[in-house]
Amino acid sequence: MTTPTSPVGPGDHAAARAALLAAPGLTGRPRRAALARLTDDWLAGLLAAAGAPPSGVALVAVGGYGRGELSPRSDLDVLLLHDGPIARELPERIWYPVWDAGARLDHSVRTVAEARSVAAADLKAQLGLLNARHLAGDGALTAALRSAVLTDWRASAPARLPELQELGRERAERHGELSFLLEPDLKESRGGLRDLVALDAVAATWLADAPRDGLAAAALRLADVRDALHLTTGRATERLSLQDQDQVAERLGVLDADTLLRQVYEAARTIAYASDVTWRAVDRVLAARSGRGRRVGRLAFPFTGAGRGTGAVARGAVQRRPLAEGVVEQDGEAVLAQAARPAADPVLPLRAAAAAAQNGLTVSHATVRRLAAECRPLPVPWPDEARERLVALLGAGAAAVPVWEALEAQGLVTRLLPDWERVRCRPQRNAVHRWTVDRHLVETAVRAAAMTRRVARPDLLLVAALLHDIGKGWPGDHSAAGEVIVRDLAARMGFPPEDTETLAVLVRHHLTLVDTATRRDPDDPATVEAVTKAVGTLPELELLHALTEADALATGPAVWSRWRASLVDGLVARAAARLDGGGTGGGGAEVTAAPTVEQERLAVEAARTGGPALSLRAQAPGADKRVDKRADQGVDQSADQGTEPMGVELNLAVPDRPGLLGTVAGVLALHRLTVRSAGLRELDPIGAGPVLLLSWRVAAEYGEPPEAARLRADLRRALDGSLDVARRLTERDAAAPRRRGIPTPPPLVAVAPAVASATATVLEVRAHDAPGLLHRIGRALDGAGVRVRTAYVSTLGAEAVDSFYLTDPEGRPLTAERSGEVAAAVRAALG
């Protein structure tokens with residue numbers, strides 16, 4: 001730059017700086033750049049006035065000042081660079097006028113070699129030098145420094161980047177996440193300005209770069225807020241305190257403090273997400289360089305011989321393991337399969353999200369971008385699979401959070417749930433709340449995922465958790481507003497009317513239990529009556545109880561105390577006694593609906609031939625509005641309609657014999673068919689002995705389901721003993737690569753009270769769904785020597801909720817002791 005002919009004194013510089021800051025219409029980045037230029041000229045004049053030699057000495061801006069933008073109260077990070085001895089007075093002649101002007105100065109005097117040595121020992125110093133910018137003096141000396149520092153940084157990147165990543169983690173632990181703090185630190189919090197510096201440093205290594213979608217705008221917003229904060233407070237503060245927010249908002253021309261915080265939160269989320277994506281890329285690159293990258297040999301999944309193989313993967317190729325139809329795992333992320341067709345598959349975003357979360361992964365940035373760009377909006381009402389995939393995503397608990405963040409970063413959440421926009425990044429001006437409204441909803445679903453064993457309808461619990469505060473985006477009572485919104489959203493999602501009504505009740509009354517338990521006399525009959533009027537059934541009371549606890553736990557550590565929990569538990573117990581629902585609320589009532597013509601035909605054929613008779617047909621979308629559906633996997637969507645049949649309907653009739661349920665379930669598992677729902681009943685169509693009729697709704701994990709003839713052949717082999725189902729499943733599981741799992745609540749196996757059935761013992765099983773789950777349950781029941789007279793098998797999201805009506809070999813209900821033994825055997829089988 002040009003050196004001024006005469007230096008600018010401290011008073012002159014201060015006056016010029018004050019005039020610049022007061023200049024009308026000069027704000028934001030132009031003002032920061034102008035302030036940097038003014039300071040550049042001032043320091044250049046000071047170097048010249050100090051008598052610096054024409055060569056061998058340079059004044060260099062580093063750190064934030066080196067990036068060429070100065071906030072009103074920013075420090076000046078300056079390096080006096082030299083290549084040999086210099087007069088001792090030279091630095092003082094530069095620094096003292098700066099101090100006299102009241103500027104905050106971070107200064108050093110070094111040679112290039114000394115600067116490199118300091119950088120090698122101090123990561124923060126090295127980061128500052130990456131932004132070295134020439135101010136005055138010997139430009140060649142500054143260029144040499146820049147070249148050496150960049151060379152050193154790139155050479156040391158494999159060692160330095162993990163250190164930089166750890167620094168970011170430590171800052172996040174100390175200062176929290178900017179996106180959720182009522183008084184955030186704009187610089188040090190996660191998602192703040194310091195993270196932008198780290199992203200630039202990563203980009204300088206040439207190993208990875210941050211996704212640039214919205215990143216520049218986010219950086220600009222935080223820098224503008226920081227400027228306004230400096231001018232409002234007159235101090236070099238980075239904390240946006242509550243008492244300053246209104247003035248900062250006014251200075252920026254923003255409506256109010258809440259709007260200001262929302263803008264800050266949105267910017268921080270963009271930066272935080274970009275950081276997450278970038279550091280995952282860095283981890284992959286460093287793992288590949290160290291030989292820890294994920295490679296495979298011939299097969300990702302060996303062909304089992306009793307099902308459809310997944311095909312071979314070329315030796316040495318990057319491993320791609322199927323997760324769901326159109327979704328595979330690669331390098332620790334869920335990505336689209338090569339054959340995926342996003343434009344023809346509107347359910348694909350939710351299918352990919354659920355598959356990723358259930359496997360403890362996230363969805364890759366490139367995949368989310370492609371899904372946002374190519375996928376059409378879901379039809380209204382949603383296909384069954386879309387609703388079930390959403391439930392499976394929420395049921396993954398904490399693993400759902402990074403997946404949700406990835407979807408939100410590309411606008412997919414508000415595309416799915418338009419009302420979400422009103423609560424997104426919405427601050428909560430209450431000290432007990434640790435999250436924004438939208439993140440609180442997600443965290444409530446995370447907490448609810450750990451309570452799915454407590455309720456008969458985990459899908460309704462999870463969706464209610466996600467939506468219980470959706471009304472906070474509207475004026476008035478948020479519970480009342482939320483009830484109206486959730487009715488519309490539930491209908492959009494395709495819930496049947498009775499489920500929509502339950503969701504509305506849960507949202508409308510999600511505060512009722514806590515408010516009633518803590519503010520009303522527990523011994524007053526009107527107190528219990530207030531609860532029973534709100535929820536009319538025991539299953540609804542169970543749902544509301546779990547939702548209440550999940551909501552409180554997600555709010556903050558001070559909200560759900562032992563005292564408050566005991567009050568709510570006592571109120572729920574009294575309300576349950578009043579409702580007199582009996583049982584656990586999970587046992588489906590034994591039904592005696594007449595068999596269909598197709599089922600009767602199969603039963604007659606099985607009775608006459610003594611072998612299995614089956615029919616296999618695609619199920620039309622929306623044809624089954626029952627709630628007991630399984631949604632772990634899905635089938636591809638048709639190009640013309642955008643939604644294929646939800647699954648395959650399988651009717652199977654087999655002459656009664658021990659172990660039938662477990663054997664058939666095992667054959668289906670071998671063919672990689674997941675069971676969405678199943679029912680078992682007994683018929684005697686021709687008076688020749690009982691025939692068991694099993695009605696299944698199944699879907700292929702990926703690809704097409706097997707042909708009926710092949711499935712029938714394997715069933716015959718399994719029934720006559722020539723196909724050892726258990727051994728084949730064990731071999732396949734042992735050969736398959738181990739997948740990352742997610743924490744899930746332990747299985748619940750309970751014997752329902754005797755009132756659940758007068759002629760059988762009802763065993764209820766609630767567990768996280770997994771391949772072969774029903775096979776293991778069936779084998780345990782067979783090993784226990786009991787008959788399964790009727791069964792109702794369902795999976796809601798990724799949670800199995802099953803009921804089995806059991807008798808002894810003579811057809812009588814089990815004794816209490818025998819029931820306990822059978823339940824213990826099933827628990828042992830589920831691990």
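In this predicted model, strand β14 (residues 761-768) and strand β16 run antiparallel and are joined by 8 bridges. Histidine 768 stands opposite glutamate 799 of β16. On β16 there is also a pairing with strand β15 (residues 787-796), again antiparallel, over 7 bridges. Here valine 788 has leucine 806 of β16 as its bridge partner. β15 and β16 form a hairpin with 2 residues between them. Glycine 797, in the turn of this hairpin, has a positive phi of about 70 degrees.

An open sheet of 4 strands has the order β3-β2-β1-β4, and its pairing is mixed. Its edge strands are β3 (105-110) and β4 (133-137), each pairing on one side only. From one strand to the next the twist averages 25 degrees. Within this sheet, strand β1 (residues 57-61) pairs with strand β2 (residues 76-82) in the antiparallel sense over 5 bridges. Valine 60 has leucine 79 in β2 as its bridge partner.

Helix α5 (residues 112-121) packs on the sheet and touches β2 and β3. The direction of α5 makes about 120 degrees with that of β3. Helix α2 (residues 28-49) lies across β1, β2 and β4, and runs at about 35 degrees to β4.

Two residues give a local view of this region. Serine 108 lies in strand β3. Is serine 108 buried or exposed? Its relative accessible area is 15%, under the 20% cut-off, so serine 108 counts as buried. Leaving aside neighbours within four places in sequence, serine 108 is in contact with Val78, Leu79, Leu80 and Trp95. Alanine 48 has its place in helix α2. With a relative accessible area of 39%, alanine 48 is partly exposed. Between the C-alpha atoms of alanine 48 and isoleucine 271 the separation is 41 Å in space, and these residues are 223 apart in sequence.

**The sheet with β5 to β8**

Another open sheet of 4 strands has the order β5-β6-β7-β8, with mixed pairing. At its edges stand β5 (321-324) and β8 (362-363). Each has a single partner strand, so one side of each is left without a neighbour in the sheet. Strand β7 (residues 333-336) runs parallel to β8 and is joined to it by 2 bridges. Alanine 334 has valine 363 of β8 as its bridge partner. Helix α13 (residues 365-374) lies across β7 and β8, running at about 40 degrees to β7.

| Strand pair | Sense | Bridges |
|---|---|---|
| β14 and β16 | antiparallel | 8 bridges |
| β15 and β16 | antiparallel | 7 bridges |
| β1 and β2 | antiparallel | 5 bridges |
| β7 and β8 | parallel | 2 bridges |

**Helix pairs**

The axes of helix α11 (residues 257-289) and helix α15 (residues 400-409) come within 11 Å and cross at roughly 120 degrees. Why does α11 count as oblique to α15? The range for roughly perpendicular ends at 115 degrees and roughly antiparallel begins over 145, so the angle of roughly 120 degrees makes α11 oblique to α15. The crossing of these two helices is left-handed. From α11 the contact is made by Arg269, Tyr273 and Asp276, and from α15 by Glu405, Ala406, Glu408 and Ala409. These contact residues divide into 3 nonpolar, no polar and 4 charged.

For helix α26 (residues 660-670) and helix α28 (residues 725-735), the axes come within 9 Å and cross at roughly 35 degrees. The crossing in which α26 passes α28 is left-handed. On the α26 side the contact is made by Thr663, Gly666, Val667, Ala669 and Leu670. On the α28 side it is made by Val725, Arg728, Leu729 and Arg732. Which classes do the residues of the contact of α26 with α28 divide into? They comprise 5 nonpolar, 2 polar and 2 charged residues.

Note on methods
Residues are numbered from 1 along each chain as its sequence is written. This is a predicted model: local features need pLDDT of at least 70, side-chain atom pairs count only at pLDDT 80 or more; totals for chains, interfaces and linings use all residues. Side-chain values use heavy atoms; hydrogens and water are left out. Axes are lines fitted to C-alpha atoms, for helices over the stretch in contact, and angles run from 0 to 180 degrees between N-to-C directions. A crossing is left-handed if the near helix is turned anticlockwise from the far one by less than a right angle, and right-handed if clockwise. Contact means heavy atoms within 4.5 Å. Ala, Val, Leu, Ile, Met, Phe, Trp, Tyr, Cys and Pro count as nonpolar, Asp, Glu, Lys and Arg as charged, and the others, Gly among them, as polar. Angles under 35 degrees count as roughly parallel, over 145 as roughly antiparallel, 65 to 115 as roughly perpendicular and the rest as oblique. Two strands pair if DSSP finds at least two bridges between them. Buried means under 20% relative accessible area, exposed over 50%, partly exposed in between (1.4 Å probe, protein chains only).
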